[in-house]
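Here is a friendly briefing to read alongside the structure. Keep the view open as you go through the points below.

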Amino acid sequence: MSRAAGGLRTPSGGRVDRTQRVQFEFDGQPYEGVAGDTLASALLANGVHLTGRSFKYHRPRGILAAGSEEPNALVTVSRDAARVTPNLRATQVELYDGLIAESQNRWPSLKRDFGRINDLLSAFFPSGFYYKTFMWPRKAWKSLYEPVIRRAAGLGRAPTHADPDRYAQRYAHCDVLVVGAGPAGIAAALAAAGSGARVILCDETAEFGGSLLAETSALIDGQTALAWVQQGIASLAKNNRVTLLARTTAFGYFPHNFIGLNQRLSDHLSRPPEGRPRERLWQVRARSVVLATGAIERPLVFPGNDRPGILLAGAAHTYLNRYGVRVGTRAVIVTSGDDAYQAALDLKNAGVEIAAVADLRSEVAGALPDAARLAGIDILPGSTVLGTEGDLRVNAVTVGRVHGGKVQAEQRILCDAVLMSGGYTPSVHLFSQSRGKLKWNDALKAFVPGVSAERERSAGACRGVYDLADVLADGAAAGAAAAGAAAGGGARRFMVDAFKRSSESYLGALPQAQAPSNDKSFVDWQHDVTSRDLDLATREGFQSIEHVKRYTTTGMATDQGKTSNLNAMAIVAKSLDVSIPQVGLTTFRMPYTPVTFGSMAGISRGDLFDPVRTTPTHPWAQARAAVFENVGLWKRARYFPRGGEDMHAAVARECRAVRSACGIFDASTLGKIEVVGPDAAEFMNRLYVNNWSNLSLGRSRYGILLREDGFIYDDGVVARTGPDRFHVTTTTGGAPRVLALMEDYAQTEWPELKVWLTSTTEQWAVIAVQGPQSRRVLETLVEGIDISSAWPHMSVARGRICGVPMLLFRVSFTGELGFEINVPADFGLGVWEAVYTEGQAHGITEYGTETMHVLRAEKGYIIVGQDTDGTVTPDDAGLTWAIGKHKADFVGKRSLERPSMKSAHRKQLVGLRTKDPRTVLEEGAQVAAKSGQKPPMELIGHVTSSYASSVLGHSIALGVIESGRARLGQTLYVPMPDGDLEVEVTSPVFYDPAGARINA
Amino acid sequence: MLLIVCPYCGERPEIEFTYGGQAHLARPHQPAQLDDQAWAEFLYMRTNTKGVYAERWRHARGCGRFFNALRDTTTDHFLAFYKTGEAPPERTA
């Protein structure tokens, strides 16, 4: 395609090392680059512009930019099956030997792409196309439309293997964080460091210097721009109060000067060292921030502006001067300002033929255009672009001349590159993320930082300061001020020898002839949004930019509209005939550029994803091959299968053992809170529904805790272990929130009460010994407590077991005679083993949480959070008996008096028995009063707990049903896909309703 | 992540704290004497301030104490931190 592909690399200059050749592969083709290249610069040096297919129309696309704003050249880079990174911008991928990259969104190949048909059919893909077309039938969304659309409009594919790399995270504090190491950022860092501040300077690219790395003519204080950069960075590097972070993107600006940095440590290396982290997430808290994020060159909107070979002029300038790559052999430059003339001059010097500079301004004057004229470059003032030609690469551009607002004449110019420059858009992303207020600058035709919300200042191009001397001075002033240096201490001046230039910006679509080209004028390259789409959206009535954005998806791609937002706003403003500030600005969100999940997750993955809590008997249960379940962070033994039993068989056996002999169960996960102090009883009275004043020492009671809105929050057995002391147990999952609620009332509502709260959950091991034989098992082990039948249900006493101090409860969550042994956690396993050994003669059987659930459901005992859901009152759950009768107040009491809380139609807890005893209902299944209903059905409740009961020989279920207690004996229906299941409403207590066993 | 100054422990990152909602809402001493409307007001109605808001925080992963703060909801900037039971500090504009 180009005359001499190898000849596109200049013989010298730039920041690349031509002696180090680097082999790489793109779409299966081998290529060669040099050290210092990006994938983009290396491809361009090989004459490759075509790097992708566009998102919607599958149009051939080339490299547009040289930095992170690149919308087109998205590639997948892979090292192996697990190390596949999609959607990387080729302009940011540093070349390494053996790099393998692939283009995306094309099939079967980049050059012959089937999806291109979308472009030909584009009349059928207007904005809002998806909303308008794929509406009906609804079902087709999941099965047909969405998968097809996703495949057709896909970005890269995610890797199929788990990420094997390590990602580090660290916190850092500094006085001044400088984001961006171009001229403003370096000047700021030097000034801040010079006043003794702790400074972090970060830049998203591999080398510090920003635009100065492509600056070949300007002199700063008498030295070349590059020498100034290198001297400045060397001085910063020597300062041990300065941290320099290259390849580090400040991706998010969070409140109180908390900034997220993503540092890429090894992706640029041919062979990343073993064990070294691939990326590091820095969470920086900065006393002050200097944003020196620069500006992004604005593309121009004209028909066919997306052909490969059409680049930003500044990008072409960067490729030439930083990477030593000519982006073509014969270029047409289209510009609205002076800066592109520098590119024209440098490219011409490097041997690129400049066919013409089509200047949008009718009057072209100034030092740079004059220099271009002097160099023999043809300047066409008052120009516009009417169209381009070329299939996979631009080969001609049609330039029109505008006079009196009309396109008068046109001229077709052959070329292999079109370089466009519509001025600059300051990079205000981070400023906006910090909640700073942007203001419109009409002269710059751009939004610039206005009022700051954080201790932050912008410097240089990101606030619309473009002249190099001004940029440097601005940076130095910002750095000094950020470091808190004395104000007015003589701002640093820089002597800069460079062309004075005017950076006039252009907004919106270029003027077109009365019968414009049919070709599309792209505004948002990455999401394939054209100027016509935006016009259509406003014609269809969208006026807010937030709505236009969502309707057309402009600015919503992974580049977040870095190159497109202002042109889009200008087109909408023109279409609505309002000013740009009136159109408004969409919100900039983090991340500035995509951040990997690995970086966010850090080491919190696999075993380290969450802490694991185990009980004292965990190793014993493991040795017995128990099956565990997660309950919050706890691992609890769910059942103990023997000889190949499945869960059903194991649970049936465990249940029968507890009911007929004795079972042993680890209940250590129960929350435990020690409530202590002279006002402990008063505190408990105010908090729980029960009356605690009459609970005597050595007795316990089932306690219910409500929220202030009257709904059950938690429950558990509460023991009085001293005149001023309660041992409060909570549900396993509820322990932290119950303690938090207690602390809230103790600290903020009743600070006058002398009461102290301590979590003792992990200090006690709790061993439940349950069943008719449990007393026999413990008789010989327990010291100091008479556990005969004279020691009634709900008694508590201190004693010893196996020589270990113990708090013994006679309690039961099974309905059987039962005890709960509380010993210090360290003794839990030893005592458990002793009880288990002793129990062998009495048929002791270890059981897990599943059996515990079945046994308690047989007795109608609720589980808070399973049988209640935050809308259940004590009365709904049949627990009114627990409420202290003569209490004037407790948390939630007033709410229980509200009329709706006393309605007879509330859902109440009942038992449900299926007509077929073998049918086990689905928990969560809905319940209806009438059978045979079609949706929408009239439903009156749902199933909360459901099990097969081997002891009873039939299934059992609990549920909450409207007016449930008034329906005892009624037949209700549980609609399931295969038809209604008949159930009978019963008492929730299925087993031993008289409670003879528990009191044995 | 906010930077919060616990009146007992000093400056700490937000992850050490839990949010406690609107401050200075005292639980009525005798809820039974409130009519349903007044009780519902206490129970459910909260201000949704744009601007300076008095709110509760708890240094849950630190000293465990509740305290109050004045925060500007438009900027997330804190204007003051003070102990539970204290009146919000006078603000000088």
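A polar contact is a pair of N or O atoms within 3.5 Å; within protein, one of them must be able to donate a hydrogen and the other to accept it, and residues adjacent in sequence count only if both atoms are side-chain atoms. With that in hand, look at A:Gln104 and A:Thr76, whose side chains are joined by a polar contact of 2.6 Å.

This is a predicted model, in which local features need pLDDT of at least 70 and side-chain atom pairs count only at pLDDT 80 or more, while totals for chains, interfaces and linings use all residues. Residues are numbered from 1 along each chain as its sequence is written, chains are lettered from A and ligands numbered from 1 in the order in which they are written, and side-chain values use heavy atoms, with hydrogens and water left out.

**Around A:Gln104**

- You will find A:Gln104 in the loop between S7 and H2 of chain A; helices (H or I, at least four residues) and strands (E, at least two) are DSSP runs numbered from the N terminus.
- A:Gln104 counts as buried because its relative accessibility is 6%, where buried means under 20% relative accessible area, exposed over 50%, and partly exposed in between (1.4 Å probe, protein chains only).
- A polar atom of the A:Gln104 side chain also lies 2.8 Å from the backbone nitrogen of A:Asn87.
- Leaving aside neighbours within four places in sequence, A:Gln104 is in contact (heavy atoms within 4.5 Å) with residues including A:Arg53, A:Leu74, A:Pro86 and A:Leu155.

**A:Arg112**

- A:Arg112 sits in the loop between strand S7 (99-103) and helix H2 (117-120) of chain A.
- Is A:Arg112 buried or exposed? With 67% relative accessibility, A:Arg112 counts as exposed.
- A:Arg112 and A:Leu392 are 280 residues apart in sequence, yet their C-alpha atoms are 10.0 Å apart in space.

**A three-stranded sheet in chain A**

- The strands follow the order S11-S10-S29 (chain A) in an open sheet of three strands with antiparallel pairing; two strands pair if DSSP finds at least two bridges between them.
- Strand S11 (223-224) and strand S29 (496-497) of chain A are at the edges and have a single partner strand each, so one side of each is left without a neighbour in the sheet.
- Strand S10 (residues 219-220) of chain A runs antiparallel to S11(A), and two bridges join them.

**Chain B overall**

- Chain B has one helix and six strands, which follow the pattern β-β-β-α-β-β-β along the sequence.
- Along the principal axes, the C-alpha atoms of chain B fill a box of roughly 45 × 30 × 25 Å.
- Of the 93 residues in chain B, 37% are buried.
- Taking contacts in chain B between residues at least 6 apart in sequence, 45% join residues at least 24 apart.

- Strand S5 (residues 66-72) of chain B has seven of its seven residues buried, so it is largely enclosed by the rest of the structure.
- From S5(B), B:Phe66, B:Asn68, B:Leu70 and B:Asp72 point one way, B:Phe67, B:Ala69 and B:Arg71 point the other way, and all are buried.
- Seven bridges pair S5(B) with strand S4 (residues 52-58) of chain B in the antiparallel sense, and B:Phe66 in S5(B) is the bridge partner of B:Arg58.
- Six bridges pair S5(B) with strand S6 (residues 77-83) of chain B, again in the antiparallel sense, and B:Phe78 in S6(B) is the bridge partner of B:Arg71.
- The hairpin of S5(B) and S6(B) has four residues between the strands, and there B:Asp76 takes a positive phi near 70°.

**Where chain A meets chain B**

- The contact takes 27 residues from chain A and 30 residues from chain B.
- About 2300 Å² is buried between chain A and chain B, with carbon and sulfur atoms giving 48%; buried area is the accessible area (1.4 Å probe) that two parts lose on being put together, summed over both.
- A:His256, A:Gln747 and A:Arg894 supply 28% of the area that chain A buries against chain B, more than any other three residues.
- Five salt bridges are found across the interface of chain A and chain B, each a side-chain nitrogen of Lys or Arg within 4 Å of a carboxyl oxygen of Asp or Glu.
- B:Arg27 and A:Asp889 meet through their side chains in a salt bridge (2.8 Å, N to O).
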